[in-house]
Amino acid sequence: MAADLSKRTEQDKKISPALGLHEYAEASHGDAGDAVVKGSSLEYFEEAEEIVGLINSIPNVAGDLIPMEMALERFTFIVDKYQEQPHLIDPYLESILEQLLKMARDTTHPPKVMHLAFKFLYLVTKMRGYKVIVRQLPHEVADLEPVLEMLTNQNPEDHETWETRYILLLWLSIIVLIPFDMSRLDSNIRMESGEYRKPIMDRILDVAKIYIGVFDTAREAAAFLISKFLTRPDVQKQHLPAFLDWALVTLTQANPTNVRAMDKMNGILQTLSLLFKHGKREDLLTFAPVVLKTLVSLKMETSKNTLLRKLAIKLVQRIGLTFLKTRLASWRYQRGSRSLAENLQVGGQGPVAKETVAMKDEEDEDDYDVPDEIEEVIEQVLRGLKDRDTIVRWSAAKGVGRVTCRLPRELADQVVEEVLDCFSLQEADEAWHGGCLALAELGRRGLLLPSRLPKVVPVMLKALTYSEKRAAYSVGSHVRDAACYVCWAFARAYEPEEIKPYVQQIASALIITAVADREVNCRRAASAAFQENVGRQGTFPHGIDIVTTVDYFAVGSRNNSYLNLSVYVAQFEEYTQALVDHLVQHKISHWDPSLRALTSEALHNLTPKCPDYMAKTILPMLLPLCTGMDLATRYGAILSSGQIVHALYKLGLEKNQTITDIVDRDVLEGLANVPGKLEAAQLYRGIGADYMRPAACSLIEKLSLSKVPLVGSATTSVWQTTIDDTMKLMLAGYQFAIQDSAIAGFAALCNEYYRTEEGTALPDIQDKVIDSYLGQLQNEMVYARCCFILALGALPKFMIAGKLKKLLSGLIGATKVTVKDISMAEARRDAIKSIIRICSTVGIEKGGSPDCVICEDNINSVYDTFLQAMEDYTTDRRGDVGTWVREAAVVGLAEITSQALQVDASLIQQEYYEKTIFSVLHQAGEKIDRARVVAGETLLRLLYHDPPVPYIPHREELLNLFPEKDKETLNWASAAECYPKLMPVLSLKSYTYPVLLGLTVSVGGLTESLVKHSSHSLNSYMLKIADDEDGLTAISDTLLTIFNNYLKVDRVSLPLLKMLDFLLGSGCFELFTQQEDHPFTLALVDLCKKEIAKCGDPQKLLAAIGVFCQLVQFSGTVRERVLFQLLVLLGHKYPKVRKSTANQLYEMLITYEDIGVEENLNEVLTILRETTGKDPNVFISRDDDSLEGIRGIRNQLCDLMGVKKPVSKAPAKPKQEKAGDDRMSSYADLVGRLGY
């Protein structure tokens, strides 16, 4: 068999190119068959041999859980791979089924083998579909008894073997169709009880009834089995009435609140639906009224179970089809040819002449026999169109189409009328959605006659824009999606001549939905419907051009659809006005604020396509909406008005026209008064403030940029007040949009209306604004302060002239870290940004006035500010917020240096050039990725600046270490890439201190990956210079300098202790062990002792213990001092400190045998081993009363090791406790933090 499959695989490889992957098959909803899709990634069943191997392995793996799960997982993966192209397995399907069934039927195998084989078979069934698989299953008479016996022996409650039961039921459903009378297969065999065995019909029905009430997938197979079995003539006569009685009684008596009862109801309804589908009309017609009456009496539409409601609707429509004769309505509309190829071939030559089957206006009504029950059926399915769940509405829509197809024209017309009633404004969104689905089904089946199009098309167009607002969201996307499906169905259903009167309306509505709908599924559905109409109808204006641009992928991005695709579509005049009208009427008042803002930008882009319409119609329409009562409409109208005016102004510049030449003065004056009217109506207050204030500031910005003439200074005063109030009310960090709008509006206002004809600032306005804003630099609200700081940075040059000293002084003061403002890191960051922007605005000029430009007199203060900001390491609950300030300072140093070099390099003193490089390299070695990225990019920018930056120490060495290609290739955010690059810089004497300082907080940090890569890089460098005494001395001296400079500064001292522990333990300073009492070790002991003096931080104490233990390897007095410090810590008041000291002291004595206590070493180790081995440990006891005993053991160790005993200081006088204080609270907190 494996050879056979391999042979077929080779044949497929040869045949597959002939399949033509560029061909495609058209498949409508409900059509059977597989479509070969263009661009398929799979050409044949590649894993055929592997599938055979997995099947053959079943007997070997079934008894072992892990191999079985691996085989099952691999089989599942392969099968799922072909889920979208299941036809590729067809050449191998028969062989696979034969092999699996043979294994399942083999009684010599244990049950686990059978169950695993059926699991594999279920996966194949899931991929290929049960309708295909069931036809391939063997169905001989000899198979009936064995399969029925296997099914009877299964446990319906076993949740692990449900696949076995599912496949057996499917298998039985094809076996029961054998062309022999079932009674002939019965045997009169007596069972052990003495009774005769039940007839085989009863046995099949009994087992099937069991499984239609289970909760797993076997229920579906059981329903299929019963529907096939009861449609046999011999079974139908004997068992159909009894089964229907049992089913209806069970449904009537079932408790709808019980889960198991609902499972049985689902199974029965599904069985009845399939029974009425597969059975003959004449056999079921007598039972249909009773079943319908019972079903209606159950009132399934009130059930909370979605599946029950869906199956009830399905059963109702099947009963309805039973009442009506199987026929196609002779009056239905039939399109003669639906060939897409023919439409595309004619191109622009007009529609193809097709043979259309004429509709019969007159028909013999006597040919139709419509029973009274049909009215109830239609009522039920129409009610299902309004159900709350989509699957129920979809089933009801298909039912409407199926039943209507067998009705006379007059009754069918009434059904269409009822469907159109779903589109009433009083109906909910569910009714609109169900109505759209029903219209699509009626149209597809030719039941919606062209005479109905004048009523249907307007309804469809309304559905394409349907949106019902509910609180802070809206519903309606499913309605719009279904409306696109209606358009798609109509394209396939009608001749171009029938649709031609509505082409413009449908095309505009679809293209508007495709580019302007909020939901991506609606945009894509509209794009697909438009494409279908272009191909099928051939009458959509500019269809081919639009389809090639507004495609499935292009409309996936909302921004691209609004800002780019809309402009492309608007170039065709058939769509321009409709698109603009839709945006103004529907989108500026949309519930989503981001969509309103996007709409305003889209209108700005669309203005050049219809400037007159925008100026004469849209702006006058928007003006009253700017002060209306609806918040959303007001917000969108204000934003859109400003954008349109600005776009018109830019168009006027191209034609040498002013804004007043394009827009009426009354409209401009009305827009200019909008901020004042909003204030007068108190619309800046309440929940609408977050929308109205940025909208008003945006309007001010756009009107200012458009140079709208203002009469008098009253309007500018109102505008300034609006902006000032907006800045003062900045309360939260999430209001960045408000901040940006206010600053942009302020800058535009100053630039246009605060300038004299000579180009200077209005004196009274200049002093008033600058003094007011500088006064706000002490605002206690951090985000309000940030806003005013950034506004000062946005001042135009003429407003700064003569006030630069005052501005720089105020902003430099705002960068200082004070006790009061220590948490305002955002304000300090923004102050740095504003200084950078001001320097860029006024420029640098040698010999210039310090009150107007940056020159020799003030550039040093700017550098000092930036360098001081590089030392901002403020932290709060958010972490190292000082990083924001340092990043801004790094950028500032690069910007001011670059600007100065363009003028004269001598403007900057040599020390500032050097400090700039030192500071940047320091930040490049820091622990925060984002800071390293900024610093690294700045370093490369300065190294390769043109003109070159002077006075860079070791320039050539740096250029060799950091080649220019690193600008594109070096990832500074990756610790694995940047730290190896930085290590060689340590050998350059000028940079050793800043680089090592940055490395200290990285190597001694907390992040695992950061510590791993930085410590590995540093260790590699140190081992390279391990024999270089000068190099080691330079590193050791720098470490001591850093330690001394940052003594008691936990941000540096704690990671420094950890780094020293690491370096000493790695043998990096082994060269110093050859010299007794090396100066580095003596100084290090002193610094460590100072660092932990009166220290209550256990983490720092633990780090210091590690350093002390590593220093034992150095001989001389340093060893004695280290042992003394360790023994002092052995009697520390913190248990964890004592425990760590004892453990590390024990390890140290074992490691270093030459420390001078050889004669007492065994006794010392015994004491440490016994005390640390006790439970509880002596050295980790929490009992303060035992502390003296612990110190006694410690003193005994001092005598044995020849170390001076520590002398306890006289206890300080106890502080008087305050009322309510818990004297143990601090210690309890310590214990909690240490994990005890």
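Start by selecting Lys 803: it is buried, with a relative accessible area of 17%. Buried means under 20% relative accessible area, exposed over 50%, and partly exposed in between (1.4 Å probe, protein chains only). This is a predicted model, numbered from 1 along each chain as its sequence is written, in which local features need pLDDT of at least 70 and side-chain atom pairs pLDDT 80 or more, while totals for chains, interfaces and linings use all residues. Side-chain values use heavy atoms, without hydrogens and water.

The term requires a side-chain nitrogen of Lys or Arg within 4 Å of a carboxyl oxygen of Asp or Glu. Lys 803 sits in the loop between helix H41 (797-800) and helix H42 (804-814), and Asp 767 in helix H39 (residues 763-775), 36 residues apart. Helices here are DSSP runs (H or I, at least four residues), numbered from the N terminus. Asp 767 is partly exposed at 30% relative accessibility.

Next, select Arg 941 and Glu 895. Their side chains form a salt bridge at 3.1 Å, N to O. The pair links helix H47 (residues 929-943), which holds Arg 941, to helix H45 (residues 882-903), which holds Glu 895. Arg 941 is partly exposed at 32%, and Glu 895 is partly exposed at 24%.

Move to Lys 707 and Glu 752. This salt bridge spans 3.0 Å, N to O. Lys 707 lies in the loop between helix H36 (689-705) and helix H37 (714-728), and Glu 752 in helix H38 (residues 736-753), 45 residues apart.

For a network of salt bridges, select Asp 413, Glu 417, Arg 452 and Lys 455. The count for the structure comes to 51 salt bridges.

Now the rings. The whole structure has 27 aromatic pairs. Rings of Phe, Tyr and Trp (its six-membered ring) pair if their centres lie within 6.5 Å; planes under 30 degrees apart are stacked, over 60 edge-to-face, the rest tilted. Select Phe 423 and Trp 432: their centres are 5.4 Å apart and their planes at 90 degrees, so the pair is edge-to-face. Both Phe 423 and Trp 432 are buried.

Then pick Tyr 485 and Trp 488. Their centres are 5.9 Å apart and their planes at 25 degrees, so this pair is stacked. The two are 3 residues apart in helix H23 (residues 477-493), about one helical turn. Both Tyr 485 and Trp 488 are buried.

Finish at Phe 45, Tyr 82 and Tyr 92, which ring pairs link into a cluster.
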